[in-house]
Amino acid sequence: MSQLLLPAVLVALAWTVVLATRRPERWPNWRWYLMGYPRTALRVMVTWRKVAHLNDLTVSHQPNRGLLGDLAVKGDPLRTHAPRCSFPWPTPNGLSVRVRLHAGQTPAPFLAAAEALVHAWRVHAVRIVSPERGVVLITATVRDPLEHPDRPTGEVSASLLSAVVGALETGGAWVMDFRRVPHWLIVGATRSGKSTLIARLITELAPQPVALVGIDCKGGMELGLFEQRLSALAACRSQAVAVLGALVVDMQDRMRTCRAAGARSIWELPEKERPVPVVVVVDEIAELYLTNGTKEQRAEAEQCSTYLLRLAQLGAALGMHLVVAGQRVGSDLGPGVTALRAQLSGRVCHRVNDPGTAEMTLGDLNKDAVAVAQSIGEAEQGVAVTAGETGGWMRGRSHLTTPAEAQVTAAEYAGLAFRLAGVARALEELDAGEGT
């Protein structure tokens, strides 16, 4: 290992010379590159063998059994070999090391040793993943990037149905891309940051040519701030039934259009013939499923469940996307919730009040993510665990959008509130029916 120290010093000095010639505004983390990174990289290289030995990350090339006469003796190997690690390469908030595993080693001991690496390297956190067979990638962060999520997080290409909602623990931008992950489930207890995330998502989508539909059965208290930008806002369950039913009819019309054109999705249609994408934001999903037991309320709940499930199953290719949010999601709300959850491949879990909600949200994607979500404290408002359909997960924190900013955004982009004829007609018929 001592043979690697000189190259480490030389590379660190090279980084210092290169970055010193750059403008500080182009390198907001220049202090880390100039001073913190060389020191931390050397610490990693110096301590690697000792840390690997103390945490059982080493192997012996000799068997740990021997014969003493007619007896088989087993003991601990005296000479062990640490797995080979690469030079620590810098990241904006830390560094990363690739470790080549010996034959027979697995990533499990490295996961267990993560806390030991944090203390040995004097960093904020260590994350360990296995990007390929026989390799472990160790990523260390020297400070928590989620403390200041409003800081620049690098360039992100702007694209339709893509929203930068916050910062990830890697220091990169937290992006919700509906073209890649069409439907999302967001859960979180009161004051956990769930509403903040939804507000930021709508704020980011507001300037785009997208129809936004809100369903807020708390009388529209949350989504009502964006009413000027919304194509429709359902403030009670009966209105939600009308809106969702009209959207299902619209979805069927889009299906017929695609079939007539020989297209498998609206994105294969000519731009002039392509219908506007629709994002439906449902706040407090439990209000659509809970009933007082009457026949009328049970029928409404079943209709909502059926409509939401159909939109989730068929809507992605037809430009219809769901964002379903709630304080808790559990099987006690009915089988419809469980079936809907299976169709929502994007998951976001803030601090929750019961383990069942974290398990329901993330358990089918990644068990480790469930444990991390349950460790989020009350002081970490806005912090959440986000996971996609691939099973990978990451901690993130959403940007804050104040009520005043939400209203300004809604007024500024009110002209983009596309009129959905079927939805408007359904709400008018509902109002007329209630008036009589």
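Tutor: Apart from its neighbours within four places in sequence, Leu420 is in contact with Ala211, Val213, Ser231, Leu247, Val276 and Val278, where contact means heavy atoms within 4.5 Å. This is a predicted model, in which local features need pLDDT of at least 70 and side-chain atom pairs count only at pLDDT 80 or more, whereas totals for chains, interfaces and linings use all residues. Residues are numbered from 1 along each chain as its sequence is written, and side-chain values use heavy atoms, with hydrogens and water left out.

Leu420 belongs to the loop between helix 12 (403–412) and helix 13 (421–435); helices (H or I, at least four residues) and strands (E, at least two) are DSSP runs numbered from the N terminus. Because its relative accessibility is 9%, Leu420 counts as buried (under 20% relative accessible area; exposed is over 50%, partly exposed in between; 1.4 Å probe, protein chains only). One of its contacts, Ser231, lies 189 residues away along the chain, yet the two C-alpha atoms are separated by 6.7 Å.

On a 1 Å grid over the protein atoms alone, a cavity is a set of points where a 1.4 Å probe fits but cannot get out; a pocket is an open set with protein on both sides within 12 Å along at least five of seven lines, and lining residues have an atom within 4 Å of a point. Grid points are joined across faces, edges and corners, and volume is the space filled by probe spheres set on them.

The largest cavity holds about 50 Å³. Helix 9 (residues 335–343) gives the most to its lining, three residues, and the lining by class has eight nonpolar, no polar and one charged residues. Here Ala, Val, Leu, Ile, Met, Phe, Trp, Tyr, Cys and Pro count as nonpolar, Asp, Glu, Lys and Arg as charged, and the others, Gly among them, as polar.

The largest pocket contains about 980 Å³. Of its 33 lining residues, Val126, Arg127, Ile128, Glu169 and Trp393 lie nearest the centre. Strand 6 supplies the largest share of this lining, six residues.

Finally, Pro355, Ala358, Glu359 and Leu362 in helix 10 meet Lys367, Ala369, Val370, Ala373 and Gln374 in helix 11. By class, this contact has six nonpolar, one polar and two charged residues.
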